Amino acid sequence: MARFELVCTECGRVLAEDPELLVCPECSRFQESGGSVRGLLAVRILDRPELPGPGRMADPETLAAVLPVASAASFALLPVGGGPLLPVPRLREAQGMPRLWVKDDTRNPSGSTKDRASLLVAARAMEYGRETIATASTGNAATALAAVCAASGQRAVVFVPESAPPAKLVQMRALGAVVLPVRGSYDQAFELCGRACQAFGWYNRNTAVNPFTTEGKKTLALEVGWQLAPEAPDVVVVPAGDGVITSGVAGGFADLVAWGHLAAVPRLLVVQPEGSSALVRALESGAADVTPVPGAASVADSLVVEVPRAARLALARVRASGGAGVTVGDGAIRAAIGRLASLTGVFPEPAAAAPLAGLERALELGLVEREERVVLLITGTGLKDPAAAESAMPPLESIEPDLAAVERRLAGLHRHP
Ligand SMILES: [Zn+2]
């Protein structure tokens with residue numbers, strides 16, 4: 001079991017573990033209403049774990065060696081992580097990039113990277129003796145929490161914008177969560193969830209504020225490092241909303257460096273939609289924190305936030321990696337869904353197609369070279385939002401049940417893409 005301590009990401013203070021204490025009491029005094037979270041805590045692992053054997057990355061014993069839990073038995077019996085790192089020969093050829101990989105994280109139980117965070121948060125809640133876990137979510141975090149709690153027998157209460165994609169709402173309801181659709185934005189749901197946790201004594205899984213959300217997602221980076229070894233990635237392309245996957249992935253690579261498994265953290269290329277681009281704007285301007293984007297909107301619903309909650313940490317970690325940010329339009333995101341799916345066999349939701357669109361933008365800008373080793377993080381399945389994928393397709397017309405109709409249709413088809 002990994003020994004660990006909690007460290008303030010702003011002042012560096014080491015704090016005693018306390019399920020009620022989610023942020024640094026000193027730095028949180030600077031918290032502004034509606035701003036990014038001040039005094040975020042980060043987990044620092046004090047041990048140097050052994051490398052897992054092949055195929056054992058997602059085993060509870062492996063996870064307990066690299067994550068802050070008291071016992072492997074605290075994890076829900078739901079295998080999370082371990083998705084393949086695909087060499088994608090057809091996408092390589094299309095992009096002229098001989099060292100391109102896709103990390104398929106759509107194969108998690110609820111279909112997204114958020115399962116990694118929820119698995120760890122639920123394990124910590126179990127060890128704290130807390131039965132109800134609550135979170136705000138654009139959709140995937142709520143579904144992930146619902147799935148893990150369905151396996152463990154804990155209670156999930158989730159606050160989601162009522163505009164969340166219907167498939168996500170159905171999924172979280174089927175998985176047994178108490179679903180509270182909020183007439184408002186994700187940011188309003190986030191604030192409401194925090195207040196409800198204080199009022200009702202629930203364990204707060206709100207992303208970023210709960211340090212185990214960032215820490216749980218680091219296993220995505222550990223797996224990429226282990227799967228690519230003895231090679232090392234030059235660039236990892238991350239879709240960003242709150243900046244928590246970005247921060248977690250950076251932390252995972254930093255752990256691999258600290259443990260002697262990797263020479264350096266790869267450059268992180270952060271991709272955001274043009275309509276929700278607070279992190280990228282700050283990266284470009286050199287600011288230490290974000291300027292909120294009121295009315296943020298995009299087809300990539302998972303990435304839509306007015307204020308990225310983990311902004312300060314994400315910006316610092318991307319800069320430390322030598323990375324950068326790019327924005328992509330909704331049209332480019334929609335087009336990338338079918339292109340990624342048809343060239344790799346992995347069907348992404350809009351947020352998970354954004355890395356491909358972002359990579360293409362970064363190539364144009366000279367931020368990435370075609371010879372570099374690049375990994376795209378595919379963070380959620382397209383089945384969560386089929387309407388978004390369909391919106392980039394021509395209407396599908398049926399044919400009469402005869403061979404001549406088949407021939408006529410085939411004559412009109414162009415090979416995709
Ligand atoms: Zn502090």
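Helix 8 is followed by Gly260, a residue whose phi is positive, near 80°. The model is predicted, and for that reason local features need pLDDT of at least 70 and side-chain atom pairs count only at pLDDT 80 or more, whereas totals for chains, interfaces and linings use all residues. Residue numbers start from 1 along each chain as its sequence is written. Helices (H or I, at least four residues) and strands (E, at least two) are DSSP runs, numbered from the N terminus.

Helix 8 itself covers residues 244-258, and its 15 residues reach 21 Å from the first C-alpha to the last, close to the 21 Å expected at 1.5 Å a residue; the expected span is 1.5 Å times one less than the number of residues. A residue is called buried if 20 or more other C-beta atoms lie within 10 Å of its own, exposed if 12 or fewer do, and partly exposed in between, with C-beta atoms placed from the backbone. On that basis 13 of the 15 residues of helix 8 are buried, so this helix is largely enclosed by the rest of the structure.

In the protein chain as a whole there are 14 helices and 13 strands, and buried residues make up 53% of its 417 residues. The C-alpha atoms fill a box of roughly 70 × 45 × 45 Å along the principal axes. Of the contacts in the protein chain with a separation of 6 or more, 71% join residues 24 or more positions apart, a contact being two residues whose C-beta atoms, placed from the backbone, lie within 7 Å.

One part of this fold is an open sheet of four strands in the order 8-7-6-9, with parallel pairing. Strand 8 (178-182) and strand 9 (203-204) stand at the edges with a single partner strand each, so one side of each is left without a neighbour in the sheet. Strands count as paired if DSSP finds at least two bridges between them, and strand 6 (residues 132-136) is joined to strand 9 by two bridges; Ala134 has Asn204 in strand 9 as its bridge partner. Across strand 6 and strand 7 (155-161) lies helix 4 (residues 140-152), which runs at about 165° to strand 7, where axes are lines fitted to C-alpha atoms, for helices over the stretch in contact, and angles run from 0 to 180 degrees between N-to-C directions.

Most residues other than glycine have a negative phi, and most peptide bonds are trans. In the loop between strand 9 and helix 7, Ala208 has a positive phi near 80°, and this residue counts as buried with 25 C-beta neighbours inside 10 Å. Val88, in the loop between strand 4 (85-86) and helix 2 (89-95), also has a positive phi, about 40°, although it is not a glycine; Val88 is buried, with 21 C-beta neighbours inside 10 Å. A cis peptide bond, with omega about 10°, joins Ala229 to Pro230, and Pro230 is found in the loop between helix 7 (211-228) and strand 10 (235-239).

Ala387, in helix 13 (residues 386-390), is by contrast exposed, with 10 other C-beta atoms within 10 Å.
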